[in-house]
Amino acid sequence: MGKSRRNRAKGGQRSDPIAKPVKPPSDPELAAIRERSILPVLKDLQSAEPKSRTAAAGAIANIIQDVKCRKLLLREQVVHIVLSETLTDASLESRAAGWEILRVLTAEEEADFCVHLYRVDVLTAIQHACAKITTALTSPKRAFGKTTKAEQNFVWSIAESLTSILSALAEAQDEALEAAVRNEQIVRFLFTLISNDFTTAPVLNSALSCMITLSEDNQQFVETILADNATKCYKHLVTFKNGDGYKAVLACGVLHNIFSVMQWNDRSPGREGACDAILVPTLSQTLAHTQLADNITNGHDTASPVDILQLALEVLASIGTALQESLEQDDQRKNRKGAARKGLDHDKDVAMDADDDDDEPAGEDEEMDEDEMEADLEMVTGADDNPDQSSGIDDFPTLKELLQRAIPEVIKVSQASNGNSDASNLIHNHALTTLNNISWTISCLDLSEGSNASILHAWRPVARAIWKEAVAPVLSSDTSDVGLATIVTSLAWAIARTLHEQALLVGDEHKKFISLYHASKSLPADANDPFQSLGVKCIGVLGQLALDPAPLDLNREIGVFLVTVVTALPETPAADVVEALNQLYDVYGDETKACDRVFWTDNFLQHLETAVPKVKAMVKTVDKRTSTELRVRAEDVSFNLSRFIKYKQKHRPQA
């Protein structure tokens, strides 16, 4: 490194003979900024004088925050200069400024910039820097605490920049993520930051945030964390989780990723009973103790209330989604036991029939077979002898924690953040998304099964509270925020799927959903997934609200709406028609229900018969190559429409 500087002092940097000179921008303002602020500082950045280089690196780290200056610096190849010269400078201060420059660029530029950084081998520079930081923090020869305050600050600055850059690279490209977690120096650097008691709060938070990114769906990194005996990273994460503040929430994020990858859940807990249930109390407590209006008293050392609330809600939302897998596994287990029980009962009947038909007396072998069969039957059915005990809500600690601890706090956050500021709207949306994820997980269970009665019993009052405190207020506000309306409608649909109209409606919410549907017609169609549109969600929730035992007036109003959606073809989007027909089949498919009289008194059959050719024509307009799912589902409802009409004709009520 010293020799490099002496050569530079002698002859300076040679110009690249094949490099194309950068043309000045045509915009007069940008050209003036370039001449006044950019070119002089870049010249100093490549100066032979160490002080000039250090001052220039610090100046660029400051001005690069400005959009115009950043674009001009990128035009002037600042990244190449930083990578090839600044990061290898003898001055620790210069290197710290160089990494800060790259940190700002990765944070402010698009993902393709991070891809470019990875392709020019920035990970090699990161690896060397990580190794130096790790040595500085752990070397027994020179205790870090005995270095100057300035040197410590530069080391922490570099460490924080490195963790931020690693996060950005991993988010931008899977290849960069995989390369980072394979790199022993990088992994050791992160574990060192986590395990050192003197790591500053901003650096520790940044390291934990980086680990959240690296550990998501990453088996290799998760196994490395669990196998680490040198720093005991996993143990430190659990300790952080048991604390409070942003650090605890970040630790919960990493641990949730670990539990998901290792499939540690309610039915299969991991180390020391670890599963998402142990995270929910910490996250709920954080929501209860964090207010958007809280002041940040410690400056850079404390995360903003928005950051804390957002991450806590995001982790809870992810837990709510992950819970579905655990609950589905339990349902599959119950189904397997039920199938086994039926099979054994059948085998037992066959054996008994065989005994009745056999003229010979039953021998010892037959008696043994009978005993074995009884033993097998007992083994399969024994766990279900007491259904209340075997399938109680206590068997699902994560679900219990979400219902009893998390959701009440999320509802409070939703109410408190229903303001006009951007931060308030952001947290409000995250709160509703969390409620939405949990609600949809529960709605995917078959709550009509007796084995899930305890879940329905625990869910019913919680669902009504969500509707009253989170759904109804948004609907009554007649919001013009399409994103907010979409989230609320999705949440309402999930709740309605589980409770239908059972004392849900606080006022005229169904009318609000009908109005929302008509307003959604002016929105552009979702080409990626038309079934996620606001219109489809409105139809879905309305159909569930119309199910028996809904009042007949409510059923009639929604039924007329659903039929109108279908008969309005070809103006109605295909996805809307698909959902409307499916809801009509569910609502009026059983002639024994009270609402069947609405179907006949309002002549729904005649309207549907008229719509048959329109629906068939609609199916042909959907391209099966570009919209495969929509085409398949459209063909399905078209086929079922003819069957539905025939069925209703056959079961026409007697005059």
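Helix α16 (residues 280-289) and helix α20 (residues 397-416) pack with their axes 9 Å apart and at an angle of about 20°. Helices here are DSSP runs of H or I with at least four residues, strands are runs of E with at least two, and numbering starts from the N terminus. Axes are lines fitted to C-alpha atoms, for helices over the stretch in contact, and angles run from 0 to 180 degrees between N-to-C directions. The two helices α16 and α20 are therefore roughly parallel to each other; angles under 35 degrees count as such, over 145 as roughly antiparallel, 65 to 115 as roughly perpendicular and the rest as oblique. The model is predicted: local features need pLDDT of at least 70, side-chain atom pairs count only at pLDDT 80 or more, and totals for chains, interfaces and linings use all residues. Residues are numbered from 1 along each chain as its sequence is written, and side-chain values use heavy atoms, with hydrogens and water left out.

In passing α20, α16 makes a left-handed crossing, a term for a near helix turned anticlockwise from the far one by less than a right angle, clockwise being right-handed. On the α16 side, V280, P281, S284, L287 and A288 meet E401, L402, R405, A406, E409, V410 and V413 of α20, where contact means heavy atoms within 4.5 Å. These residues divide into eight nonpolar, one polar and three charged. Ala, Val, Leu, Ile, Met, Phe, Trp, Tyr, Cys and Pro count as nonpolar, Asp, Glu, Lys and Arg as charged, and the others, Gly among them, as polar.

A second pair is formed by α9 and α12, whose axes come within 9 Å and cross at roughly 20°. That angle makes α9 roughly parallel to α12, and their crossing is left-handed. From α9 the contact draws on W156, A159, E160, T163, S164, L166, S167, A170 and E171, and from α12 on P202, V203, S206, A207, S209, C210, T213 and L214. Nine of the contact residues are nonpolar, six polar and two charged.

About 1200 Å³ of space lies in the largest pocket, a volume being the space filled by probe spheres set on grid points joined across faces, edges and corners. On a 1 Å grid over the protein atoms alone, a cavity is a set of points where a 1.4 Å probe fits but cannot get out, whereas a pocket is an open set with protein on both sides within 12 Å along at least five of seven lines; lining residues have an atom within 4 Å of a point. The lining comprises 40 residues, and S164, S167, N205, S206 and S209 lie nearest the centre of the pocket. Two or more lining residues come from each of α6 (92-108), α9 (149-172), α10 (174-182), α12 (201-215) and α17 (305-357). Helix α9 gives the most, with 13 residues. The lining divides into 11 nonpolar, 17 polar and 12 charged residues. In the loop between α12 and α13 (219-227) is D217, whose phi is near 55°, a positive value in a residue other than glycine.

The contact joins H510, F513, I514, L516, Y517 and S520 of α24 to L534, G535, C538, I539, V541, L542 and L545 of α25. It contains 10 nonpolar, three polar and no charged residues.

Two cis peptide bonds remain to be described. The bond from D548 to P549 is cis, with omega near 15°, and P549 is placed in the loop between α25 and α26 (552-567). The bond from L569 to P570 is cis, with omega near 10°, and P570 lies in the loop between α26 and α27 (574-588).
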